[in-house]
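Me: I would like to go through this structure term by term. Please set each value against its definition.

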2 protein chains.
Amino acid sequence: AGREYCSATILAEMVRENPAVVKKDLQSVISQPGKPKLGYEIKSAIRDIEENLGYYTIKNAILIGAGKLGQALLGYVGFDKYGFNILAGFDTNPELVGKTITDKNIYDISKMQEYIKENNILIAIVTVPTKYAQEVTTKAIEAGVRAIWNFAPTHLELPENIVVRNEDMAASLAILSKELKNKI
Amino acid sequence: AGREYCSATILAEMVRENPAVVKKDLQSVISQPGKPKLGYEIKSAIRDIEENLGYYTIKNAILIGAGKLGQALLGYVGFDKYGFNILAGFDTNPELVGKTITDKNIYDISKMQEYIKENNILIAIVTVPTKYAQEVTTKAIEAGVRAIWNFAPTHLELPENIVVRNEDMAASLAILSKELKNKI
């Protein structure tokens, strides 16, 4: 909000953490040390944090499974801010295949491997029903995908060299519920 | 898969962690120590982990914003497994209000505060567009909500005593992308 500097104390208040924890977390991320009484120079600190979080890295992904969750991700405005781009969606549902959802083409899943190869896609977002998750993931990896963002509530068997991130919604809700219980 | 015991080494392989890290993480969670060469007794270990994660705590929530992401969460099968229950959804869209989505009623948002009070709702899931997130959250808290699961990519100003969990999809994708970059 117009400021040039921001202290660890203010950051700590915003995220409800101990200032010492914030300082420690930022130590290895921010290249310029904070100035006494002023704190971090905001512009360069943001750039350092973004770089550390990978905002200037691999930007393109495909989405496998264009159901409700898939459609929500295709339309998620938060990705644009960081330059992420879901290039296309893949599904088996004839009511979805051939359509566009928030400007993204939905193709038949039989076209997926060809698309991955032609466009050098490295990231696949898996939003299919649980029972299909392993199968579509294996196919994507065969075609060249190296990172899986898995929303299906199941454990995927993946080769050693594949990066995976499991988004378990129920676990997130469980953690919130636990924290709430501890507080009341 | 029919086994009675599971070692930290097997668990570590599944989650791609160091066995020592797994042992340390489980130390404060699992009540019965692992048996030499056998490992943890699976049934009681699962119960301990679930309890630690809050699976036996507050189960009911409401959803504010029944767009695509909201609908995806209303239909998310993973919640049932742990007994979580989204009781109802709230929205302003006349095409959604009065309908049911995967068996959950969608009510007009003007009915939300009354519903929270009558049903003693403590958890609200916020899936409205960013510009409405603060307003609906404030209203939910006024009516008695104590925990917010926020999917809007924005920072909410909340009273001290409110538990919050921000689900930033772009940040998740950024972390995956960074890990991938470090690996190739």
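Me: Which residues does T127(A) touch, not counting residues up to four places away in sequence?

Reply: T127(A) touches L63(A), I64(A), G65(A), L69(A), G70(A), L73(A) and F151(A). Contact here means heavy atoms within 4.5 Å. This is a predicted model, in which local features need pLDDT of at least 70, side-chain atom pairs count only at pLDDT 80 or more, and totals for chains, interfaces and linings use all residues. Residues are numbered from 1 along each chain as its sequence is written, chains are lettered from A and ligands numbered from 1 in the order in which they are written, and side-chain values use heavy atoms, with hydrogens and water left out.

Me: Why is T127(A) called buried?

Reply: Buried means under 20% relative accessible area, exposed over 50%, and partly exposed in between (1.4 Å probe, protein chains only). T127(A) has 11%, so T127(A) is buried. T127(A) sits in the loop between β7 (123-126) and α7 of chain A; helices (H or I, at least four residues) and strands (E, at least two) are DSSP runs, numbered from the N terminus.

Me: What makes the pair of T127(A) and G65(A) a polar contact?

Reply: A polar contact is a pair of N or O atoms within 3.5 Å; within protein, one must be able to donate a hydrogen and the other to accept it, and residues adjacent in sequence count only if both atoms are side-chain atoms. A polar atom of the side chain of T127(A) lies 2.6 Å from the backbone oxygen of G65(A).

Me: How do you know that K139(A) and E135(A) form a salt bridge?

Reply: The rule asks for a side-chain nitrogen of Lys or Arg within 4 Å of a carboxyl oxygen of Asp or Glu. For K139(A) and E135(A) the distance is 3.7 Å, N to O. Both lie in helix α7 (residues 130-143) of chain A, four residues apart, about one turn of the helix. K139(A), at 39%, is partly exposed, and so is E135(A), at 46%.

Me: What is the accessibility of each partner in the salt bridge of R165(A) with E167(A)?

Reply: In that bridge the closest N and O atoms are 3.7 Å apart. R165(A) is partly exposed at 24%, whereas E167(A) is buried at 8%.

Me: What is the buried area between chain A and chain B?

Reply: Buried area is the accessible area (1.4 Å probe) that two parts lose on being put together, summed over both. Chain A and chain B bury about 5300 Å², 68% of it on carbon and sulfur atoms. R16(A), L173(A) and L176(A) supply 13% of the area that chain A buries against chain B, more than any other three residues.

Me: How do you know that the copies meet through the same surface?

Reply: The contact takes 56 residues from chain A and 56 residues from chain B. Of the interface residues of chain A, 100% are also interface residues in chain B, so the surface is the same.
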